[in-house]
Structures are given as structure tokens and as C-alpha cells.
Amino acid sequence: MAGRGATDGVALRGRGAGVIAITNHEHLFAPLQLAGTTLRNRIVQAPMSVCYADPDGGVSDRMVEHYARRARGGVGMVIVENLAVSIAGRQLPRHALIDGADRLDGLARLAGAIKAEGAVAVVQVVHAGRYAGPWEEYAARRRLAPSAIPFPLPLGEVTPDEATGDELREVVASFARSAELAARAGFDGIEIHAAQGFLLSSFLSARMNARTDGYGGSFEHRVRLLLEVIAAMRRAAPDLLLGVHLMSDELMEGGWSIGDAVEVVPLVEQAGADFIVPVATTFESLRAPANAGLTARPNFQRDDSRAVKRAASVPVFANGHVWDPQTIEQMLAAGECDAVALARPLLSDPDWPRKVRAGREDAIRTCSCDPPLCLQTQMTGTICSAWPSELQAKGFIGLADAPDDGSAP
Ligand SMILES: Cc1cc2nc3c(=O)[nH]c(=O)nc-3n(C[C@H](O)[C@H](O)[C@H](O)COP(=O)(O)O)c2cc1C
Ligand code: SF4
């Protein structure tokens with residue numbers, strides 16, 4: 001470890017609060033200045049749809065507890081799982097919505113609970129596009145996409161609906177409305193989901209986008225919808241932190257590539273983005289034989305993250321099975337990224353940050369199950385196989401499960 005008086009994992013006894021420690025992770029626990037906001041460290045809860053919302057899309061008590069508990073574990077920023085900007089863009093039965101003023105009370109409770117635990121509160125927003133559904137409350141049942149190109153879903157091949165110009169204007173307006181609502185609810189920031197094959201990323205891809213109007217064809221046309229959304233959200237909420245979860249590589253022949261992502265970075269910044277989280281793959285490319293086992297590989301997006309960081313002037317968060325504190329420390333020290341966004345490690349152990357800080361890495365409840373139980377339980381509310389059995393039975397880890405010294409569970 002390089003200097004600045006830190007010692008290797010030395011723990012000092014604190015006044016009634018368990019352990020205060022000086023660790024060798026000086027970059028990991030250094031504050032991060034992000035636009036006008038300061039994160040207490042470089043650890044970010046990556047958005048992870050645990051699907052604890054009420055069936056009508058409202059924020060539930062369980063959802064508030066879950067996210068407050070991640071903040072109490074010591075992360076610098078919590079990015080709440082993707083919330084749908086409209087009923088037409090909703091993906092899962094317990095997918096929360098951020099689509100109108102009647103959502104404000106729940107959203108304000110969520111933002112307030114995260115901030116009360118010392119973390120910066122950000123909410124991710126999405127239009128699921130061709131992955132949209134359930135349809136009960138959405139009579140039009142339009143699966144919006146740039147073009148009506150068939151694609152595989154678990155239920156079989158589906159042909160989505162080519163979005164009309166009016167529908168695209170409505171999409172831009174619904175993202176802008178979500179930004180205004182997030183600001184009114186007291187969130188510090190909002191993150192646009194432009195990855196994994198959802199609506200905004202599908203427009204980026206020449207594989208998915210065969211339009212001949214101003215939103216398809218050339219690179220400039222394919223990135224237009226994303227840039228319009230960013231700019232509209234920036235106008236709607238000028239003081240909010242604005243992040244972009246950016247598809248870095250579709251990993252499919254003829255699709256969006258890391259070269260494209262690098263080219264769009266300055267445009268995304270000009271439109272108003274304050275930070276970028278590059279993520280590779282779509283749901284479709286994850287199923288391709290060539291990508292089998294990809295997300296189980298340590299640090300599988302490192303090259304993309306480095307490339308985006310080189311092109312960016314705003315902070316970049318690395319993600320993708322980058323869980324080893326020493327590796328993260330080295331990445332931060334080398335300037336490969338400005339923070340790290342962890343998803344599964346913080347589901348399995350919300351105290352990951354405080355345990356690392358206290359030099360108690362051996363006490364971390366590690367994420368290790370295949371196939372992932374968290375993905376299999378999304379329809380009913382995610383549980384994790386690494387939790388103690390009583391918490392699996394309860395269905396979540398909340399504040400009541402957090403002793404003051406953060407030692408367990
Ligand atoms: C159950 C589950 C739900 C997820 N939900 C989201 C989500 O709502 N938004 C998003 O951008 N990524 C989502 N992801 C992807 C994660 O944010 C992350 O990119 C991925 O899990 C790799 O990071 P990790 O290795 O730290 O888990 C989800 C992943 C899992 C396993
Ligand atoms: S242990 Fe399994 S269920 Fe828990 S976060 Fe990891 S992959 Fe998901």
C-alpha cells in the first residue's frame with residue numbers, strides 16, 4: 001500500500017461502536033466529489049431489482065428497509081433499482097413506478113431513509129421497451145422498440161412494436177417527469193438505464209434499430225433518443241446528479257460496440273451526464289453460447305470500464321464481478337475508475353463496506369450460488385442464498401437486522 005500514514009488493517013477500539021479501523025484501502029475510503037455532492041467513499045450500491053414494491057408499483061416498507069440497510073452498511077451511494085417511467089415501460093409484477101405525483105410520498109420515504117444513513121440517494125429509471133410487460137394495467141400492450149425485429153424471450157420469439165414519433169415524444173416526456181419527481185421526492189440523483197437491451201439501449205444498436213427516420217440509421221441518429229432524454233431530464237431537474245448506465249458493448253455481431261460507447265461518452269457528457277456506469281451485454285447476448293459464464297468471471301467488464309474512463313471527463317464507476325477489495329483498491333489507485341458499483345456482494349452482505357474498512361474481510365458473507373437464487377426469485381421478491389435461514393424466511397434484510405457494530409448478519 002502506498003503511504004499517507006495508513007497501516008495494514010490495524011483496528012482500534014472505538015467508544016462503544018465496535019471497531020474503528022485504519023485499513024490499507026485508502027483510495028476505496030477516500031471521499032468522491034461528484035458535481036456538487038460528496039460521497040463518503042468510493043463504494044456504490046449498483047442498481048439491483050429486488051422487486052419488493054407493492055403490486056401497484058408503490059414503494060413498500062420492505063423496499064425502504066432494504067435500501068436503508070444497504071446505506072447503513074456504509075456505501076457512499078445507493079442507486080435504487082430501476083423504476084419504470086411509465087406503465088408502458090414496466091417490466092416485472094413488482095416493478096416500482098415513478099410516473100406521477102401520487103408516488104411522491106413513497107419515493108420521499110425511500111430517499112429520506114437512505115440519506116438518513118449517510119449515503120447519497122440515487123434512483124435508476126427505465127423504460128423496458130421490448131422487455132415490457134405485465135400488461136394487466138396497460139391496455140395498449142405495445143412492446144416499444146426502434147423496429148419490429150423479432151427477438152427471443154423465455155416464452156418464445158416475440159416481435160416488438162416499432163415506436164411512433166408520438167410514442168418517442170411521450171418517452172422523452174416520461175423520463176423528464178421522472179427526474180422532476182425524483183427531485184421533489186428528495187433524491188440526490190437519478191440514473192438513466194441505457195443498457196441490457198431496454199428501450200434506450202435498443203435504439204443505440206444497429207442490430208435492433210433499422211429505422212430510416214431521424215432516430216435510426218447513422219450513429220448520430222441512433223444515439224439521438226438517449227441524448228434527448230438526458231437533455232430533457234437535465235432541464236426538468238437542473239440540480240439533480242444525473243448518471244447514465246451505459247451499454248458499453250452489446251457483445252453481438254453487428255451490434256453496439258465499445259468503440260461506439262467511447263464515441264458517445266463526450267456527447268452524453270455534453271447533454272448533461274454527471275457520471276457513467278459502463279455495462280456490457282444485453283439479456284439476449286447473455287444467452288449466446290459465446291458469452292456463457294461471462295458474469296461469473298472476475299472483473300469481466302474491466303477493459304470496457306478502462307476504455308470509457310479514458311474517454312470521459314466525468315467520474316466512471318466500474319462494475320461486473322469486481323468484488324475483491326485489493327483489486328478495487330488497485331483499480332482506483334491506477335485511475336481506472338473513480339468508484340466501484342457492487343450489486344450481488346451487497347445483497348449477500350450489506351456490511352461489506354464496514355467489514356472491509358474494519359479489516360474483517362474474512363467475516364464477509366460471500367456471494368456464491370449458481371444459478372443465482374436472486375434472479376430466480378425476482379417475481380415474488382428477491383432472496384439470497386447466502387443469508388441466514390431466518391432472513392431468507394423473512395424475505396429481506398432490514399434495519400432491525402443491523403447491530404450497531406455491523407458485525408452481523
Ligand atoms: C437480481 C439482479 C437484479 C438486477 N437488477 C438491475 C437493475 O435494476 N438495473 C441495472 O442496471 N442492473 C441490474 N442488475 C445488474 C447489476 O447491477 C450488475 O450490473 C451485475 O449484477 C454485475 O455486478 P455484480 O457482479 O456486482 O453483481 C441486476 C442484477 C441482478 C443479479
Ligand atoms: S449468493 Fe446467490 S442469490 Fe445471493 S447475491 Fe449471490 S448470486 Fe444472488
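## Helix α6 and its cover

In this predicted model, the buried residues of helix α6 are covered by elements that include α3, β12 (189-194), α4 (199-204), β13 (241-249) and α7 (258-271). The residues of α6 that are buried are Leu225, Leu226, Val229, Ile230, Ala232 and Met233. Because these residues cover an arc of only 165° around the axis, they lie on the same side of α6. An α-helix has 3.6 residues a turn, so residues three or four places apart point the same way.

The length of α6 (residues 224-236) agrees with expectation: at 1.5 Å a residue, its 13 residues should span 18 Å, and its end C-alpha atoms are 18 Å apart.

## Helix α1

Helix α1 is mostly covered, with 9 of its 12 residues buried. These are Met63, Val64, His66, Tyr67, Ala68, Arg69, Arg70, Ala71 and Arg72. Among the elements that cover them are β5 (43-45), β6, α2 (104-116) and α11.

Following α1 is Gly74, which has a positive phi, near 115°.

## The largest nonpolar core

The largest nonpolar core holds 124 residues, of which Val78, Val122, Ile276 and Val340 touch the most other members. Helix α3 (residues 165-185) contributes the largest share of this core, 8 residues. In soluble globular proteins, nonpolar side chains tend to be buried together.

Beyond its neighbours within four places in sequence, Val340 is in contact with Arg42, Ile43, Val44, Phe317, Ala318, Val322 and Ile328.

## The shell around ligand 1

Ligand 1 is surrounded by 22 residues, the closest being Ala46, Pro47, Ser49, Ala343 and Arg344. At least two residues of this shell come from each of β6 (77-84), α11 and α13. By class, the shell around ligand 1 comprises 10 nonpolar, 10 polar and 2 charged residues.

## The shell around ligand 2

The residues that surround ligand 2 are Arg344, Leu347, Ser348, Cys367, Ser368, Cys369, Pro372, Leu373, Cys374, Cys384, Ser385 and Ala386. The most comes from α11, with 3 residues. The shell around ligand 2 divides into 8 nonpolar, 3 polar and 1 charged residue.

Methods:
Residues are numbered from 1 along each chain as its sequence is written. Chains are lettered from A and ligands numbered from 1 in the order in which they are written. This is a predicted model: local features need pLDDT of at least 70, side-chain atom pairs count only at pLDDT 80 or more; totals for chains, interfaces and linings use all residues. A residue is near a molecule or strand if its C-beta atom, placed from the backbone, lies within 6 Å of it. Helices (H or I, at least four residues) and strands (E, at least two) are DSSP runs, numbered from the N terminus. Ala, Val, Leu, Ile, Met, Phe, Trp, Tyr, Cys and Pro count as nonpolar, Asp, Glu, Lys and Arg as charged, and the others, Gly among them, as polar. A nonpolar core is a set of buried Ala, Val, Leu, Ile, Met, Phe, Trp, Tyr and Cys residues joined through C-beta atoms within 7 Å. A residue is buried if 20 or more other C-beta atoms lie within 10 Å of its own, exposed if 12 or fewer, and partly exposed in between; C-beta atoms are placed from the backbone. Two residues are in contact if their C-beta atoms, placed from the backbone, lie within 7 Å. The expected span of a helix is 1.5 Å times one less than its number of residues. The arc is that of the directions from the helix axis to the C-beta atoms.
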